[in-house]
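Look at the sequence and the structure first.

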Amino acid sequence: MRPLKDPYAIAWTSIRLANLWVETQMVVAYRVLGMVGIWSVTEAEKRRMIEEKTPAFVESATAASIAILRARNPADIMEAAMQPIERKAKSNRRRLAKRGFAK
């Protein structure tokens with residue numbers, strides 16, 4: 001773990017947060033394009049986009065809580081909180097990107 005005095009810890013966390021924002025926006029775009037018939041998505045995607053949120057946020061809150069209880073620095077706590085959401089967003093983006101345009 002990086003010490004709090006490490007100036008790069010906050011910068012690296014900010015970069016990861018920006019990357020997470022881009023990943024989530026791409027997933028939203030694929031799903032919206034799918035709802036209007038431009039992108040190929042399954043019917044289960046509408047249900048999936050709602051059902052996946054709660055487990056990801058619970059995992060995120062749990063990871064952050066554990067990091068807090070272990071007296072980690074703020075950057076490590078933020079990274080612990082981001083990791084489950086980051087993993088889910090990346091897998092969703094990859095899965096949806098493979099589907100391509102609707103035919």
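**Contacts and packing**

Q: Which residue has a side chain joined to that of Arg-31 by a polar contact of 2.7 Å?
A: This is a predicted model. Arg-31 is found in helix α1, residues 7-35. Setting aside neighbours within four places in sequence, Arg-31 is in contact with several residues, including Arg-48, Met-49, Asn-92 and Leu-96. The side chain that makes the 2.7 Å polar contact with that of Arg-31 belongs to Glu-45.

Q: Does Arg-31 count as buried or exposed?
A: Buried means under 20% relative accessible area. Arg-31 has 6% relative accessibility, so Arg-31 counts as buried.

Q: Where is Ala-71 placed?
A: Ala-71 is not a glycine, yet has a positive phi of about 60°. At 65% relative accessibility, Ala-71 counts as exposed. Its place is in the loop between α3 (53-69) and α4 (74-99).

Q: What kind of pair do the rings of Trp-39 and Phe-101 form?
A: A pair of aromatic rings is described by the distance of the centres and the angle of the planes. The structure holds two aromatic pairs. In the pair of Trp-39 and Phe-101, the ring centres are 4.9 Å apart. The planes are at 65°, so the pair is edge-to-face.

Q: How many residues apart in sequence are the parts that the pair of Trp-39 and Phe-101 ties together?
A: Trp-39 lies in the loop between α1 and α2 (44-51). Phe-101 lies in the segment after α4. The pair therefore ties together parts whose separation in sequence is 62 residues.

Q: Which residue forms one aromatic cluster with Trp-39 and Phe-101?
A: Trp-39 counts as buried, at 10% relative accessibility. Phe-101 counts as exposed, at 57%. The residue that forms one aromatic cluster with Trp-39 and Phe-101 is Tyr-30.

Q: Are α3 and α4 roughly parallel or roughly antiparallel to each other?
A: Two packed helices are described by the angle between their axes and the distance between the axes. The axes of α3 and α4 come within 8 Å and cross at roughly 160°. Angles over 145 degrees count as roughly antiparallel. The two helices, α3 and α4, are therefore roughly antiparallel.

Q: Is the crossing of α3 past α4 left-handed or right-handed?
A: Residues of α3 that make the contact include Ala-56, Phe-57, Ser-60 and Ala-64. On α4, Ile-77, Ala-81, Pro-84 and Ile-85 are among the residues in the contact. The crossing in which α3 passes α4 is right-handed.

Terms used. Residues numbered from 1 in each chain as written. Predicted model: local features only at pLDDT ≥ 70, side-chain atom pairs only at ≥ 80, totals over all residues. Heavy atoms only, no water. Helix = DSSP H or I, 4+ residues; strand = E, 2+ residues; numbered from the N terminus. Buried < 20%, exposed > 50% of the residue type's maximum accessible area, 1.4 Å probe, protein only. Polar contact = N/O pair within 3.5 Å; in protein donor to acceptor, adjacent residues only side chain to side chain. Contact = heavy atoms within 4.5 Å. Phe/Tyr/Trp six-rings, centres within 6.5 Å; stacked < 30°, edge-to-face > 60°. Axes fitted to C-alpha atoms, helices over the stretch in contact; angles between N-to-C directions. Parallel < 35°, antiparallel > 145°, perpendicular 65-115°, else oblique. Left-handed = near helix turned anticlockwise from the far one by under 90°.
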